[in-house]
Amino acid sequence: MIDAADMRILSELQEDGRLTNVELSERIALSPSPCLRRVKRLEADGIVRGYRAVLDRKKIGLDLTVFVEIRVSKHTHDNAAGLQRSLEAMPEVVACHMVSGAADFLAEVVVPTLADYERLLTERLLTLDMVEDIRSNFALRTIKTDGALSLEHISTRSI
């Protein structure tokens, strides 16, 4: 069960996952030992899945973001699973969702240039047997990315 202290921990860690335990315990007004126990429990329960550095895409030369709508040719479990495995294996695909609507999957692809996306599209995506159709939507400007997850919906009794 998540209580108010856990909620404060989760909020702080989403803002800065590099906080030391002492810094975190000061921010949430809890002594270091119980704070560390709570963090370890949140990690063990899979609520905190990990920690990572968030890189600036543009500053490392990844200037193009494409949202790729993919439709599967035959709606079978094997085709969907095969496409999922293929997309998971592509490092250019930074996020992917199975969706409802005109497409079956929506993938967020990040590459350096349009030529790199064309190569990914023609040499890897369009060669997959289970792919029927692909639509590409190019991001013109990023408004928000890597936002912290809202915790407002969680009642301290619901988890």
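## Strands β2 and β3

Cys-96 stands opposite Ala-107 in β3. This is a predicted model. Five bridges link β2 to β3, and the two strands run antiparallel. Their hairpin holds six residues between the strands. Within that hairpin, Gly-101 adopts a positive phi near 115°.

Six of the seven residues of β3 are buried, so this strand is largely enclosed by the rest of the structure. Strand β3 also pairs with β1. That pairing is antiparallel and has seven bridges. In it, Phe-67 has Glu-108 of β3 as its bridge partner.

## The sheet

The four strands form an open sheet in the order β2-β3-β1-β4. Pairing is antiparallel. The edges are β2 (93-98) and β4 (131-138), each of which pairs on one side only. On average, neighbouring strands are turned by 20° against each other, direction ignored.

## Helices on the sheet

Two helices can be described against these strands. Helix α4, residues 77-88, packs on the sheet. Helix α4 touches β1, β2, β3 and β4. The direction of α4 makes about 165° with that of β1. Helix α5, residues 114-125, lies across β1, β3 and β4. Helix α5 runs at about 170° to β4.

Is Ala-81 buried or exposed? This residue belongs to helix α4. Its relative accessibility is 18%, under the 20% limit, so Ala-81 counts as buried. Leu-151 lies 70 residues from Ala-81 along the chain. The C-alpha atoms of these two residues are separated by 31 Å.

## The largest pocket

By type, the lining divides into 13 nonpolar, six polar and six charged residues.

## The second largest pocket

The second largest pocket has a volume of about 540 Å³. It is lined by 23 residues. Closest to its centre are Leu-55, Arg-57, Val-110, Thr-145 and Asp-146. Two elements, β1 (64-72) and β3 (105-111), each give two or more residues to this lining. The lining of the second largest pocket holds eleven nonpolar, three polar and nine charged residues.

Asp-146 sits in the segment after β4. At 45% relative accessibility, Asp-146 falls between the 20% and 50% limits, so it counts as partly exposed.

## A positive phi at Ala-29

Where does Ala-29 lie? It is found in the loop between α2 (21-27) and α3 (32-44). Phi of Ala-29 is near 60°. That value is positive, in a residue other than glycine. Ala-29 has 69% relative accessibility, over the 50% limit, and therefore counts as exposed.

Notes
Residues are numbered from 1 along each chain as its sequence is written. This is a predicted model: local features need pLDDT of at least 70, side-chain atom pairs count only at pLDDT 80 or more; totals for chains, interfaces and linings use all residues. Side-chain values use heavy atoms; hydrogens and water are left out. Ala, Val, Leu, Ile, Met, Phe, Trp, Tyr, Cys and Pro count as nonpolar, Asp, Glu, Lys and Arg as charged, and the others, Gly among them, as polar. On a 1 Å grid over the protein atoms alone, a cavity is a set of points where a 1.4 Å probe fits but cannot get out, and a pocket is an open set with protein on both sides within 12 Å along at least five of seven lines; lining residues have an atom within 4 Å of a point. Grid points are joined across faces, edges and corners, and a volume is the space filled by probe spheres set on the points. Two strands pair if DSSP finds at least two bridges between them. Axes are lines fitted to C-alpha atoms, for helices over the stretch in contact, and angles run from 0 to 180 degrees between N-to-C directions. Contact means heavy atoms within 4.5 Å. Buried means under 20% relative accessible area, exposed over 50%, partly exposed in between (1.4 Å probe, protein chains only).
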